[in-house]
Amino acid sequence: MSEQPLFKVTIDNITIEVPAGTTILNAARKIGGEVAPPAMCYYSKLEGSGGKCRTCLVEVSKGSEKDPRPMPKLVASCRTTVMDGMEVKNITSEKVIDARNGVVEFLLINHPLDCPVCDQAGECHLQDLSYNHGKESTRFEFQKRTFKKHDLGPYIQLHMTRCILCYRCVFTADQLTGKREHGVLDRGDHAEIATFIEKSLDNEFIGNVIDVCPVGALTDKTFRFKNRVWFLKPMDAHRDCPTCSGKVTLWNRGDEVYRVTARKDQWGEVEDWICNTCRFEKKNTGDWVIEGPRLIDRHSVIAQGHYAGSIGMHQPKETFEAVHNGRKPKLLMDIHSVSNVNRPEITLSKLDRPAHSTDFKPNQD
Amino acid sequence: MVQFSQEQLTEFNRLVSRYPEGKQKSALLPVLHLAQQSFGGWLSPETLDYVAGLLKIKPIEVYEVATFYSMYNLKPVGKYLFEVCQTGPCMINGSDNIVAYIHDKLGIKPGETTADGLFTLKTVECLGACGYAPMMQLGKHYREHLTKEKVDAIIEECRKNAAANN
Amino acid sequence: MGVKLLLDKAHVEGIRSFEVYRREGGYRAVEKALKEMNPESIVEEVKKSGLRGRGGAGFPAGMKWSFIAKPEGVPRHLVCNADESEPGTFKDRYLMEHIPHLLIEGLIISSFALGSHDTYIYIRGEYAWIPDILEQAIEEAKANGFLGKNILGTGFDCNIYVQRGAGAYICGEETALIESLEGKRGNPRIKPPFPAIQGLWQRPTVVNNVETLSAVVPIINMGGEEYAKIGIGRSTGTKLISACGNINKPGVYEIDMTISVEAFIYSDEYCGGIANGKKLKACIPGGSSVPVLPANLLLKTAKGEPRLMNYESLADGGFATGSSMGSGGFIVLDEDQCIVKHTYTLARFYRHESCGQCSPCREGTGWMEKILKKIDEGQGKMSDIDLLWDIQRKIEGNTICPLGDAAAWPVAAAIRHFRDEFEWHIQHPEEAQKRNYGLAHYADPIHVPA
């Protein structure tokens, strides 16, 4: 297809070939699974994103075939391109795991940990990250930082205390809407995202900042406190929209549409940007042509509702245990072992329609 | 209405002319200095809008910058702003005592302004005068090797200037 | 008296003016460079001189120059980093205030070598009176044919502009400086690409410190090889040291890097000894971000050899027992100084100056400041020391730019060398408020000048 040479890169002892110019992170995503470093700020569809959160740091133990020297520091895999013959350690590097644990702790010290009242809970990347790398208790003994409240209008709820300053929303507002009203104010540990004064964001596509937000800093105001995502059934649906592709995911309970989001891939990235009308205004099942259940293959709590799809993983011939120096593959906690949410025996992805309360009713016998 | 005078506009044009065509945003920092100096020692939202308009950039671009740099005052300050350095080298030479003395003398804590609007006290981080500590910035210049006597003299000088200009 | 190459004329009356500077031999180097040399041979001389960047990192200047990309039809820029903000450092200010034409002369030669027709001096905003001095020097140089169009009839055009920053230490980092020069927030860029390929307005750019660019003048005048003969090892030429803290004669000194630290502190030619007859407790030899050393390790290396004021000797022993030349900001602490409080002020500084872009620096600097403040105020607990150690360890090396390291190193070194003082501070909170821990922790006797 393209004339670009292929570079051989080995990540966590698994070797693949990728076109020159590919970043370590994207090469690792081709392998998939745990080998792909977590990314809180990088977003493949947003130009200039990445490099900031430092969760995707990896160790380059061999620079390239030509220059085999290791890189002196851990590098941000989302912004470092592969070289031919490069060897990278992600989960097989103790240094990486240690640094990542540190980054997660840094991200959490000022985070309010208000997951019980946060609409992002269940699909929050910071939750996933804390689950994998977090400590059981905090070592931070001080008052957490707070901010002056900003009202972003009728559609978008901003909780600045939850923000990790990934800048994704800034890039989205800038690149998608072509309108620069959204930015980062102040600096250092009191930097905050904000709109120009209190002006609400009125662009047709601005709702996408909700989908790119890795945490609960920007959430859908029309869905606020309405339901928990793990009680809802995601359904792919479309409509004939004059503004956007109209391809969305509906989050239903019975016939009721609680929330509309863009469709997200296995890395949590939006497949097609959707417009505000589709997202905020079309909350009737009748507005949509339902295609079928959305497969969720993220390791968050929503995937535990038995929506798991296939993970298109590049499977090594050996077992993971063998290539990862005896490190056992991650076993996810099955939420059903501690909770009877959605009744374990019901596999929702087998229902080709939105789940209804009747589906959960105990058998009447 | 915020508006540069003819003279200030000439200076604005001189600042912008240093940069290539289409890169006029580069003049933002110097233009904000000029605006702060021209409009009462601080940058009001109205001033920031005005600067955005002059440089043909979005207001948010000006806001992002104005809130990033510590020298831009986003709230009104007194006529005389005492910026006392408190970083390591000044601290070991007694900057704490200078701050305390100004507090005793003027009754203002760091961040506060005297009721007459003459003085604002602010603690700042290293100003690059470590060999001449303790020190503070007052307007364009540094006042170095501060002692209580020197602080007295500076306050006196400011009061005289203020009276003379009224 | 050591060799002086930068400050030899600094005390001549009226040296700020073009006439006096010219009369004292100024602008000869421009004439030589533009008329007798070409850009390649100038870069070659600078390489031969072994000149290392004087801003702090110590990267060979000639090598940095040789990296600049030269794509067809794309302008290149030289930017002078005058954003001197590292606590303890005030040497560039001295050069610009006292002998501005030296910098301008260095800039003209360097612009010619790099092919920069529009050269910018980015100066920290607080040095508000210095742009006037520099702009006057630029005007004088222009009036005398050393700047502007067709300089000295050689066909080389060059203009120099001065831009003020507005209060941000981070803008001393070259990519943050470039962002700031473009009228943006001083957020360091994620590298690569490096400025030599895509810098100011995405054009190839070289950013050098004031002292580095000034040193180009003697290098051209005397030749790179002669310059390299001064000093020792890879520490060639002379270095400006700004000395401050508890010494008798704070100020800016030019040294030839063969002098010992002991002589620098105690001789009358330089610091003139510790003020008020006190004893030396500790010193941060290269600006606040480099490791603090207790007196015994400052004056002698771990091997017992006298420590010299140069890049290699100050770094001898790595961070375990050594420090770094850094920017040349030499901060001396006497026996009455409290390491905990001093470290706290530095941690506060770095928290204040963090741009907030990347998580370890944004969150970690604030956390360290809070813990140090707590210990300083007598509320600390023993586990806080290990916690501080762990935090700094997780910041270091994991950030976008070196500010993370700069914030981590002072805390690490303070704990490494003065852990007992931290412990005492925590165990004796009331006594600690009197800050009289003194010299109790030293294993070796402290130097007392004869």
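Into which domains is chain C divided? In this predicted model, chain C consists of domain 1 (18-229), domain 2 (235-334) and domain 3 (339-432). The secondary structure of chain C comprises 19 helices and 11 strands.

The overall dimensions of chain C were examined next. The C-alpha trace of chain C spans about 75 × 50 × 35 Å along its principal axes. The radius of gyration of chain C is 22 Å, which agrees with the value near 22 Å for a compact globule because that value applies to a chain of 450 residues. Of the 450 residues of chain C, 60% count as buried. When contacts in chain C between residues at least 6 apart in sequence are considered, 72% join residues at least 24 apart.

Within chain C, the centres of domain 1 and domain 3, taken over C-alpha atoms, are separated by 35 Å. The two domains of chain C touch through 10 residues of domain 1 and 9 residues of domain 3. On the domain 1 side of this contact in chain C, 7 residues are nonpolar, 2 are polar and 1 is charged.

A contact between chains was also examined. Chain A contributes 10 residues to its contact with chain B, and chain B contributes 9 residues. Helix 4 (residues 59-68) of chain B supplies 7 residues, the largest share of the side of chain B that touches chain A. By class, the residues on this side of chain B are 5 nonpolar, 1 polar and 3 charged.

How values were computed
Residues are numbered from 1 along each chain as its sequence is written. Chains are lettered from A and ligands numbered from 1 in the order in which they are written. This is a predicted model: local features need pLDDT of at least 70, side-chain atom pairs count only at pLDDT 80 or more; totals for chains, interfaces and linings use all residues. Domain bounds come from an automatic or database domain assignment. Two residues are in contact if their C-beta atoms, placed from the backbone, lie within 7 Å. Ala, Val, Leu, Ile, Met, Phe, Trp, Tyr, Cys and Pro count as nonpolar, Asp, Glu, Lys and Arg as charged, and the others, Gly among them, as polar. Helices (H or I, at least four residues) and strands (E, at least two) are DSSP runs, numbered from the N terminus. The radius of gyration is taken over C-alpha atoms; the globule rule is 2.2 Å times the number of residues to the power 0.38. A residue is buried if 20 or more other C-beta atoms lie within 10 Å of its own, exposed if 12 or fewer, and partly exposed in between; C-beta atoms are placed from the backbone.
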